[in-house]
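Take a walk through the model below.

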Amino acid sequence: MIASPKDSTPERVPNYPPAVLRPREHHFRGSLGRFATGVAIVTFDGVSKRHGLTVNSFTSVSMDPPLVLVSIARTTKAHDELADRPFTVNILGAEQQALAMHFAGRPGFEPTWIEGEVAPRLSNVLAYFECKPWAAYDGGDHTLYLGEVADFNYRSGDALCFANSTFTTIPESQLGIEELL
């Protein structure tokens with residue numbers, strides 16, 4: 001479901017592209033969907049053009065050295081172009097749902113790009129991590145790309161979240177523990 005900031009009436013987000021799953025796979029996917037995740041866009045310059053891929057499978061791996069991981073489906077058109085390329089993980093703010101949909105295959109506008117120190121990134125995202133390629137691992141129908149973080153930053157704002165096939169918001173008051181450290 002999608003809930004816009006102006007309208008509290010949620011709207012169902014269909015799988016894109018439509019997936020044909022056997023009953024057990026469908027139930028497995030639904031079970032995984034109960035885990036709330038942030039929404040991110042992986043951006044990079046490929047061989048042919050600049051790419052952006054909406055993902056919700058992103059995690060920190062190590063503080064020293066600073067490493068992050070993104071999981072990219074092998075069926076993604078730009079999958080093969082990401083290998084051995086610098087990339088940026090752009091964490092989306094609650095107001096950036098249209099940006100998530102744009103890079104999930106439903107283009108609606110032209111995003112604003114910033115030339116990063118290592119890789120291209122998107123303007124005004126909640127946080128970003130510019131990464132140098134570190135390693136790639138087989139992850140079944142996905143590839144797990146690890147990046148060494150070379151540059152990062154964040155801004156204030158609520159986070160865009162995805163759970164139960166629905167976009168939702170995590171208020172900034174619930175984010176981070178950096179003030180406690």
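Gly108 is exposed, at a relative accessible area of 62%; with a 1.4 Å probe and protein chains only, exposed means over 50%, buried under 20%, and partly exposed in between. This is a predicted model, in which local features need pLDDT of at least 70 and side-chain atom pairs count only at pLDDT 80 or more, while totals for chains, interfaces and linings use all residues. Residues are numbered from 1 along each chain as its sequence is written, and side-chain values use heavy atoms, with hydrogens and water left out.

Gly108 belongs to the loop between helix H3 (97–102) and strand E7 (113–114). Helices (H or I, at least four residues) and strands (E, at least two) are DSSP runs, numbered from the N terminus. Ala98 is 10 residues away from Gly108 along the chain, and their C-alpha atoms are separated by 7.5 Å.

Now the rings. The whole structure holds three aromatic pairs. Rings of Phe, Tyr and Trp (its six-membered ring) pair if their centres lie within 6.5 Å; planes under 30 degrees apart count as stacked, over 60 as edge-to-face, and the rest as tilted. Phe58 and Phe129 form a tilted pair, 5.7 Å centre to centre with 35 degrees between the planes. This pair links distant parts of the chain: Phe58 is in strand E4 (residues 58–63), Phe129 is in strand E9 (residues 127–139), and 71 residues set them apart. Phe58 is partly exposed at 27% relative accessible area. Phe129 is partly exposed too, at 22%.

Phe103 and Trp113 make an edge-to-face pair, because their planes stand at 80 degrees, with ring centres 5.9 Å apart. Phe103 lies in the loop between H3 and E7 and Trp113 in strand E7, so the pair ties together parts 10 residues apart in sequence. Phe103 is buried, at 14%. Trp113 is partly exposed, at 24%.

Which residue lies over the face of Trp113? Arg50 does, 5.1 Å from the ring centre. A charge sits over a ring if NZ of Lys or CZ of Arg is within 6 Å of the ring centre and within 35 degrees of the ring normal. Arg121 likewise places its charged end over the ring of Tyr128, 3.9 Å from the centre.

Last, Thr143. This residue lies in strand E10 (residues 142–154). Thr143 is buried, at 7% relative accessibility. Leaving aside neighbours within four places in sequence, Thr143 is in contact with Val70, Ser71, Ile72, Arg74, His79, Ala136 and Tyr137; contact means heavy atoms within 4.5 Å.
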